[in-house]
Amino acid sequence: MNAEDQQLVALFHGLDTPGVSDAMDKLGLPGQCMNVMPLDNYRGVVIGPAFTVKYASASTPPGTVGDFLDDVAPGDVVVIDNDGRTDCSVWGDIMTQYAGTRKIAGTVIDGVCRDVSKALDDGYPLFTKGRFMRTGKDRVQVEAVNVPVSIGTARVVARDIVVADANGVVVVPRGRAREVAEVARRIEEAEAAIRSQIAQGKSIREARAARGYHTLQQRGAA
C-alpha cells in the first residue's frame, strides 16, 4: 500500500461494518455487499484497498484463473466478481497459501470458494457466497483486473476501501472514505454512550432517546 492507502485504512481502525454501513446510509451511499459472508464467525475486521478482479466464462482455449495474485500488494483486499456463480470455485488452498505469504489482507468473492479447511486453519479471511468443490478451471477465466466490478449489489472500483467482518462486507468509495469514517465514529460514540447508560441502569428507551438513536443513520438528521 502507498502512503495514501495507509492513511485511508487507518481511518477505519476500531470501526466495524454495522457502524460503517450506518454512516453510508446517513450519507446516501450504497456499498453493502448482499449475501457475502465469512466462512465462519470471523472475529477480526479486515480493512484494505480493493484489488478488483473480473471473471467471465472461459474462452477456447481457456485463460488463467489465479495468476493475478502476483500483482496484489500486501494489505490489499482481493475482490473477485464471478457474477455470483455458485457452480464453480475461483479460490482454493494454493491461493490461500500464497495470499497468506504475501500478507494480502483478505478475499471477497461474489461467488464461491473451495478447500475451506486451509483458510480456516490458517485464519485467512475469506468472504464469499458459499463453498463448492468444483474447480473453475476451464469454466471461468480472469477477464480483467482493477476494473469496476459488482459484489452482490455493490459497485466496487479499484482502491475503494473494503471493510469486512463477521457481519459481512461494506465497500466505501475511496473519494468519500474520510467523510464516511468521520460519520461512523460519531455514530459509534453515540452508541457507546447508550451502552454506558444502560450499564448504569437506565432503560433502553431512555438511553436511546437521550442520544437520538432512532435517527443516527437517517439522512439529514443532526
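## Asparagine 146

Asparagine 146 is partly exposed, at a relative accessible area of 36%. Here buried means under 20% relative accessible area, exposed over 50%, and partly exposed in between, with a 1.4 Å probe and protein chains only. The residue sits in the loop between β6 (140-145) and β7 (149-151). Helices (H or I, at least four residues) and strands (E, at least two) are DSSP runs, numbered from the N terminus.

Leaving aside neighbours within four places in sequence, asparagine 146 is in contact with Ala50, Phe51, Thr52 and Ala158. Contact means heavy atoms within 4.5 Å. Proline 74 is 72 residues from asparagine 146 along the chain, and their C-alpha atoms are separated by 16 Å.

## Basis of the model

This is a predicted model, in which local features need pLDDT of at least 70, side-chain atom pairs count only at pLDDT 80 or more, and totals for chains, interfaces and linings use all residues. Residues are numbered from 1 along each chain as its sequence is written, and side-chain values use heavy atoms, with hydrogens and water left out.

Helix α1 spans residues 3-11, and its buried residues are Asp5, Leu8 and Val9. They cover an arc of only 100 degrees around the axis, which puts them on the same side of α1. The arc is that of the directions from the helix axis to the C-beta atoms. The cover over these buried residues includes β2 (46-57), β9 (161-165) and α5.

Phenylalanine 12 is found in the loop between α1 and α2. It counts as buried, at 0% relative accessibility. Not counting residues up to four places away in sequence, phenylalanine 12 touches Val20, Ile47, Ile161, Val163, Val172, Ala177, Val180, Ala181 and Arg185. Serine 150 is 138 residues from phenylalanine 12 in sequence and 22 Å from it in space, C-alpha to C-alpha.

## The α2 and α5 crossing

Helix α2 (residues 17-26) crosses helix α5 (residues 177-199) at roughly 115 degrees, and the two axes come within 8 Å. Axes are lines fitted to C-alpha atoms, for helices over the stretch in contact, and angles run from 0 to 180 degrees between N-to-C directions. The crossing of α2 and α5 is right-handed. A crossing is left-handed if the near helix is turned anticlockwise from the far one by less than a right angle, and right-handed if clockwise.

On the α2 side, the contact is made by Gly19, Val20, Asp22, Ala23, Met24 and Lys26; on the α5 side, by Val180, Val183, Ala184, Ile187 and Glu191. The residues of this contact divide into seven nonpolar, one polar and three charged. Ala, Val, Leu, Ile, Met, Phe, Trp, Tyr, Cys and Pro count as nonpolar, Asp, Glu, Lys and Arg as charged, and the others, Gly among them, as polar.

## Helix α3

In helix α3 (residues 93-101), the buried residues are Met95, Thr96 and Ala99. Seen down the axis of α3, they fall within an arc of 105 degrees, so they line one face of the helix. The face turned away from that buried side carries the exposed residues Ile94 and Thr101. Among the elements that cover the buried residues of α3 are α4 (116-122) and β5 (126-128). Just after α3, lysine 103 takes a positive phi of about 60 degrees.

## Threonine 107

Threonine 107 lies in strand β4 (residues 106-112). The residue counts as buried, at 0% relative accessibility. Beyond its neighbours within four places in sequence, threonine 107 is in contact with Val77, Val78, Ile80, Trp91, Tyr124, Pro125, Leu126 and Phe127.

## Backbone details

Asparagine 35 is not a glycine, yet has a positive phi of about 65 degrees. Its place is in the loop between α2 and β1 (37-38). Asparagine 35 is exposed, with a relative accessible area of 59%. Aspartate 83, also not a glycine, has a positive phi of about 60 degrees. Aspartate 83 lies in strand β3 and counts as exposed at 61% relative accessibility.

A cis peptide bond joins threonine 60 and proline 61, with omega about -5 degrees. Proline 61 lies in the loop between β2 and β3 (77-89).
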